[in-house]
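The sequence and structure are shown first.

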Amino acid sequence: MNQCRVRGLVLIRRDLARGLLGCSRHHIQQEHLLLLQPQLARLTLRCIHRSGKDVETFVNGCSANYIEGLYTKWKKDPESVDESWDEFFRGGDGASYRKLLRISDSRKRGVGAVDKAVIPLHTETRSASGGAPAAAPAPAGDWKSIDDHHTIQAIIRAYQMRGHLAARLDPLGIINPTQKTSMDGSQRSASEQVLRQHYRYIFNDLNANFKLPPSTRIGGGEEFLPLREILDRLERIYCGHIGFEYMHIYSLSKITWLRDRIEKPNAFALDKDEKKLILERLVRATVFENFLAKKLPSEKRFGLEGCDIMIPVIKEVVDRSTELGIESILIGMAHRGRLNVLANVCHKSISDLLAQFHGLKAEDSGSGDVKYHLGVFQERLNRQTSKMVRITVVANPSHLEYVNPVLLGKARAEMFIRGDAKGNQVLPIIIHGDASFCGQGVVFESMHLSDLPNYTTHGTMHIVANNQVGFTTDPRFSRSSRYCTDVAKVVNAPIFHVNADDPEACINCARIATEYREKFKRDVVIDIVGYRRNGHNEADEPMFTQPLMYQRIRKQKPVAALYSEKLTKEGVITAAEYKGLVDRFEKMFEDGWKSSKELKSVKHSSWIDSPWPGFFEGRDRLKICPTGISMDTMKRIGETFSSPPPEDHMFETHRGIMRILQLRKQMVDEKVADWALGEAFAFGSLLKEGIHVRLSGQDVERGTFSHRHHVLHHQSADKVIYTALQHLYPDQADYSVSNSSLSECAVLGFEHGYSMASPHALVIWEGQFGDFVNTAQCIIDQFIASGETKWVRQSGMVLLLPHSMEGMGPEHSSGRPERFLQLSDDDPDVYPDTCDADFVARQLLNINWIVTNLTTPANLCHALRRQMMMGFRKPLINFSPKSLLRHPMARSPFKDFNECSSFQRIIPDTGAAGKNPGNVKKLVFCSGKVYYDLFQERDDHEQVDKVALVRVEQLCPFPYDLINEQFALYPKAELMWAQEEHKNSGGWSYVQPRFDTALLKNEKETRCVSYHGRPPSSSPATGNKVQHKTEYKDFITSVFGELTPANKKRLADKVKAQQQKAKSASPKDPPKKGGDKPPAAKPAKKRVDTEAAAPVLKRPPRGTPKGASPVAENKRAQPAAKEAPEESGVTRIIASKVLRNRSTSRGSSKGDVGKTSQSPTPTRSKREPKDPTQGEGGDGQTPKLP
Ligand SMILES: Cc1ncc(C[n+]2csc(CCOP(=O)(O)OP(=O)(O)O)c2C)c(N)n1
């Protein structure tokens, strides 16, 4: 059938359909003619002016015959044809028709053969209207033929969409489709499930010829194919040993590319050499497993037998990708086939690998890991492409799939280090098990990182070693989805399911997948469907649970044998050549075995997956470089951080942000820093020193508590942002700050992986609230806490976990410090050698991580900088404040950041108590925000000189030396530990035994440290405000006793005085409702939260275009600004003043400020800036001042 004719008729049909929807008959015909005739006329002209194909597509014999037929009919009886044809044949006294006829005659002579083959197949008559009662009579046309073509299109599409359901994927043949015999005797797999209502059609006239639609490439160069050939080709492509799933992809270009790649005839042809190479690699993989089975029959190795082809598949990916420019490949995988990958893909020394089985002692420190978890880092020449390639297999725990985000983070970091912005040089590959791929939530969470700008790895290759069983559970009971790979559809990844016993199909999938990733930089999945020859491990008896499957498996020949037979039959190799291959690899492994026997010890460090070349060499590990920064640096950072974007950015900044920046500026002028500024000092100074800083987590750009504001958003242009810390110095390092997806597990894993790639980056993950960190527990336990010990791999990763009891309920209070402290690996019963000159550094070196609960911005800055100033890397878990972010007392003067200052592990009491320690009755140790509560309460209880408050800033490693100094300083004091957490939470269970160990050090010491805090509880905090306050009061009373009548009177007087002061400060005539507005010149009194909807303050940009005057914009903004209710603003100002005054009294005791340490007591700026953002806060949870 001629394409143009079909098009013309389709237009008619569409018209009719429209007519059915309600147009008048006349209207239909008018429109029909309009559509048809220009079409014919245009095509006619094309026929005249152009030669060859174009002409034939319209007026070839077929359409000409059709029109001729109509014409004959019309001549006999003009009413026997549709009015439209009538009009056409009459047109110009039949001139148009005669013209058409002339052209068609000439065409008919050339293409008659094709036309004759077009046989309408449907025998039933159909009305064009589809049987609708009110339908107009159908225009004349060869509807049967058209319908047949539609059916063919639908069949092609059905194969493309659902052909995979009938693909023969299972090498065991258990789940393969039952084939049916077609009318020509051929076996066809496509079932009703695939073809649905068109299923019957494939038993129709198979000789009928059809024009192929543009949505398929099965024709290659041919436009027409008989039905038989169409079905055969579709069957071969879509229902063979590969099940292609790609029609779920939204992007047409990707679908078209894939169709092109897989449908074209001979798309999968391999030449002799390629076949030989597959066999060679297959034999190597198989011989390796057999060799291990023979030598170590009782050892667990999680062999790959049944999915052996995975090794040649990975090698093909390596070949192809290196050919396409990839220089570094990172692999994350579980136990199955891992040894095989190390030996045969990475080319790890066979003797080193086999030595792992000999029970040798390790030369170096660390506890090591089982052999099928170890990492590898190899740089080698790829012989196929003669290109160097670096292959890393990341060490991983037993916990299946949790390595995924870690691998992705590491790959991303490597891309960053190489400046590979598009993933052209680095390729991540993740190898999954079928049960774990669909079972573990971290897979989904990690997949969702794939297209996020700051997390993308520009396409990850996923390979599933699908042995159709997970331990003892078969897929019917381990997943609800059809395929184990369905999770990948969320990111639109194409999925290639392939029969593991068809090596060539597998290799072709590897090729297409590699090319797809290279072209589109998107995730792609190869699902290798095989089987597991042995039990879950080699000692397991699989017949207990999978008897029928294993009866089949026992009969199944190994794929290497099957493939060698195939190639022998094809004449590609001889039997002798095959045997030669087997012998060669057996000898290779035997030699490796012999040399492994000669080894006397092993080294954990030879299994490191992230070597940091040049970092440790010549470095004094125990030297911690100074963490202080110069005044110039502080000024520069402070100024940039407190300034709006420069004028040339033409940036509209939110008015509330302008206020925050003004307040920051005020702090900088007064040389005092709050939490956000302290953090900025740390980041900015490191960036200046060339250290890349990356901050990631939920809502970190603004900060959950709206305190950070690192990324400013243009208020009238989408996606225009400004990040001040990226504009500090022209030659600074890169600062990356990014809100993450709402996942703790994947994002923390990702950042941990990122931190492993280089020691020269400060990588920080911040939890929204510390409470949510437990959804990433596996990453914490398996990687961060124990990674260095197991895998000799360091990480300087920082976790910021907002933590403190502020009445926000069970899930917004605790970052669970007790858990991190419990995982710390220092011995509570051993008093360390505190006389060692390097004691502090050694303690840090020997611990698995550092746990801090800091109280000053300066200490935060030093702690963060110390991460990069140590001669090694260590994770830091810091419990961040919430209300302290804006607490007027939680500020540090600039001198606490300067070159003479350093990190303070404890902050002693330097107030009245510290000055007269002999008078002190109680020495209270505490950690974190509770210090400020205790500080206030001590004042309220008038015990400033009687109670010393010592802040333990670094809980782990425990500062024994400094703690002992404090014991000695207050010889008569009762020793107390005060915490706001419940007794089974917080620091108590960690510090108690360590206090005891410290006290035991002094023979004369008879005191012990008592506990003061909330009683034990299964819930981290109460959700009831009243109970929260009662608990708080009880806790405070246990430290200071009840308030005396004198205390109470003093407090009452104080409150009265404050109220008086506030009253006198309030405006005499508050504005009446609906009355005059107060003068607009007092914007500073408005709180940001009342201004949330207020217009933005525009900087007058340079070169502002006409008509867009910022002044005009601001003018327009005025009325809205005035609408903010002044009354409520006033009330809030009063409230905040009371708070400020209260804070002033808290900070009244003046402490000594030593030259070499930070100000030990809280300081306050002279003019306390009003907290502009209090009242905002993520989650609707506003941290309140205590
Ligand atoms: C998170 C997690 N849960 C449970 C296990 C215990 N386990 C080890 S292997 C395995 C079966 C894994 O099946 P699959 O993913 O199909 O991989 P296979 O072993 O079949 O290659 C299980 C449940 C584990 N290692 N990790």
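The shell around the ligand consists, by class, of nine polar, four nonpolar and two charged residues. The model is a predicted one, and the values that follow are computed from it. Among the 15 residues around the ligand, those that come nearest are His335, Arg336, Ser398, Asp434 and Ser436. Helix H15, residues 434-439, contributes three residues to this shell, the most of any element.

| Residue | Protein atom | Ligand atom | Distance |
|---|---|---|---|
| Asp434 | side-chain N or O | oxygen | 2.6 Å |
| Asn467 | side-chain N or O | oxygen | 2.9 Å |
| Leu400 | backbone N or O | nitrogen | 3.2 Å |

On its own the ligand has 580 Å² of accessible area, and the protein covers 76% of this.

The next topic is strand S28. How many of the six residues of strand S28 are buried? Six of the six residues in 947-952 are buried, so the strand is largely enclosed by the rest of the structure. The cut-off behind this is a relative accessible area under 20%. In a regular strand, side chains alternate between the two faces of the sheet. In S28, Val947, Leu949 and Arg951 point one way, while Ala948, Val950 and Val952 point the other way. Residues of both sets are buried, Arg951 included.

S28 has pairing partners in S26 and S27. Strand S26 (residues 906-907) pairs with S28 in the antiparallel sense, over two bridges. Strand S27 (residues 922-926) pairs with S28 in the parallel sense, over five bridges. Arg951 takes part in both pairings: the residue is the bridge partner of Ile907 and also of Cys926. Together with helix H31, residues 930-940, the strands S27 and S28 form a β-α-β unit, and this unit is right-handed.

The last topic is Pro645. Is Pro645 buried or exposed? Its relative accessibility is 1%, so Pro645 counts as buried, given that the limit for buried is under 20%. Pro645 and His727 are 82 residues apart along the chain, and their C-alpha atoms are separated by 9.4 Å.

Definitions and conventions: Residues numbered from 1 in each chain as written. Predicted model: local features only at pLDDT ≥ 70, side-chain atom pairs only at ≥ 80, totals over all residues. Heavy atoms only, no water. Buried < 20%, exposed > 50% of the residue type's maximum accessible area, 1.4 Å probe, protein only. Helix = DSSP H or I, 4+ residues; strand = E, 2+ residues; numbered from the N terminus. Pairing = 2+ DSSP bridges. Right-handed = clockwise from strand over helix to strand, strands pointing away. Near = heavy atom within 4 Å. Polar contact = N/O pair within 3.5 Å; in protein donor to acceptor, adjacent residues only side chain to side chain. Areas by Shrake-Rupley, 256 points an atom, 1.4 Å probe, with all protein chains shown as cover. Nonpolar A, V, L, I, M, F, W, Y, C, P; charged D, E, K, R; others polar.
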